[in-house]
Amino acid sequence: MPVKNRFAELLPEITEWRRDLHENPEILFETHRTSAIVADKLKEFGCDEIVTGLGRTGVVGIIKGKTNTSGKTIGLRADMDALPIFEDTGLEYASKTPGAMHACGHDGHTAMLLGAAKYLAETRNFDGTVAVIFQPAEEGGGGGKEMCDDGMMDRFGINEVYGMHNWPGKPVGSFGIRAGAFFAATDTFEVQFKGKGGHAAKPNETIDTTVMAAHAVTALQTIVARNADPVSQIVVSVTSLETESKAFNVIPETVTMRGTVRTMSTENRDLANKRVPEICEGVAAMMGGHAEVNYIRGYPVMVNSEEQTAFAAEVATSVSGGCDEVPLVMGGEDFAFMLEERPGAYILVGNGDTAMVHHPKYNFNDEAIPAGCSWWAEIVEKRMPAA
């Protein structure tokens, strides 16, 4: 079953929705305009139930099939939020909000799921129920967790859940997936080194926090190089060092260090959680100072269920002629919270030769819309075939 003809017909309309969303990006949970547009369109499509305010600004639409002898409900999830980035695309529909941009393609995800919802509400050629899930705050806010914490899975009786993300570098409309651990757990840390400040010409009278921080940056890499199993996946990155002084001749009293840890297993996640404070506190103590460490657990490892992954790949192959097994991704994805509550799968759809996500020149490729919409629709129709 190739791309559905209906989505080729709907492409200009879905593209118009997508570009409007691109022009009006909203960050984290502040997706008020986007959520309202989604709810209005779901009402226009004739969804049987529309619930707003889940996970603060999330929206769920319920579409019932012609029959329901299966008793199943499948969840389809798209994210809605943008990033705090200044756009540099020069597009005629570029962001009108300075400092906010759909630089990860969530505008495309939302538009594709709306297209699938329109089709499914028109045809209802399935035996069961669909919950179309529009989630805020994927980009660091944990909107998926908040929707789950609001009882979404039980409230709508969702049995399985499926998600999708565009992927620059893959041919437009092609698909890729992998079973098991797929996207990494994303933790962060902030360390404040405290010593004794003073004049840079008299370092002997200070307890130098910049030297503490410099040693800690290097020492933290021993977590990867000497503590973790060499064949496992773990990244420890220090990304920011900030002192209280901008002067050339002052040794600062404090230095703040920030960074991130990416892991693919609970064991490595726990290891990093233990070793980051031990190393930073030990380095500071060795030099006569001390360190205050705040280690924050973010998104968990996103794990695709075996059965649902095989099914998702089968559907992708029916739509595009194939589905690649793709490498692990050390980026994070808060769809992980939904997959912790229900079996399901997350797939990548090709965005073509475009700038990478989270780049100011990135733009979602509208040519991917028919494939993405078709995959979501086929997930429903093949998983819950009409009686």
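The model is a predicted one. Its secondary structure comes to eleven helices and 16 strands, and along the principal axes the C-alpha trace spans about 80 × 45 × 35 Å. The radius of gyration of the chain is 24 Å, which agrees with the value near 21 Å that a compact globule of 387 residues would have. Of these 387 residues, 55% count as buried. When contacts between residues at least 6 apart in sequence are considered, 82% of them join residues at least 24 apart.

**Helix H1 and its two partners**

Two packed helices are described by the angle between their axes and the distance between the axes.

| Pair | Axis distance | Axis angle | Crossing |
|---|---|---|---|
| H1 (residues 5-23) and H11 (residues 369-383) | within 9 Å | roughly 115° | right-handed |
| H1 and H3 (residues 106-123) | 9 Å | about 140° | right-handed |

The axes of H1 and H11 cross at roughly 115°, which makes H1 roughly perpendicular to H11. In this contact, Phe7, Leu11, Ile14 and Thr15 of H1 meet Ile369, Pro370, Cys373, Ser374 and Ala377 of H11. Sorted by class, the residues of the H1 contact with H11 are seven nonpolar and two polar, with no charged residue among them.

H1 and H3 pack at an angle of about 140°, and these two helices are therefore oblique to each other. From H1, the residues taking part are Arg6, Phe7, Leu10, Glu13, Ile14, Trp17, Arg18, Leu21 and His22, and the residues of H3 that they meet include Asp107, Gly108, Ala111, Leu114, Lys118, Tyr119 and Glu122. By class, the contact of H1 with H3 has ten nonpolar, four polar and six charged residues. Phe7 and Ile14 of H1 take part in the contact with H11 and also in the contact with H3.

**The setting of Ala313**

Ala313 lies in helix H9, which covers residues 306-320. Is Ala313 buried or exposed? Ala313 is buried, because its relative accessible area of 17% falls under the 20% cut-off. Once neighbours within four places in sequence are left aside, Ala313 is in contact with Ile177 and Cys323. Gly108, which belongs to the H3 side of the contact with H1, is 205 residues from Ala313 along the chain, and the C-alpha atoms of Ala313 and Gly108 are separated by 21 Å.

Conventions:
Residues numbered from 1 in each chain as written. Predicted model: local features only at pLDDT ≥ 70, side-chain atom pairs only at ≥ 80, totals over all residues. Heavy atoms only, no water. Axes fitted to C-alpha atoms, helices over the stretch in contact; angles between N-to-C directions. Helix = DSSP H or I, 4+ residues; strand = E, 2+ residues; numbered from the N terminus. Parallel < 35°, antiparallel > 145°, perpendicular 65-115°, else oblique. Left-handed = near helix turned anticlockwise from the far one by under 90°. Contact = heavy atoms within 4.5 Å. Nonpolar A, V, L, I, M, F, W, Y, C, P; charged D, E, K, R; others polar. Buried < 20%, exposed > 50% of the residue type's maximum accessible area, 1.4 Å probe, protein only. Rg over C-alpha atoms; globule rule 2.2 N^0.38 Å.
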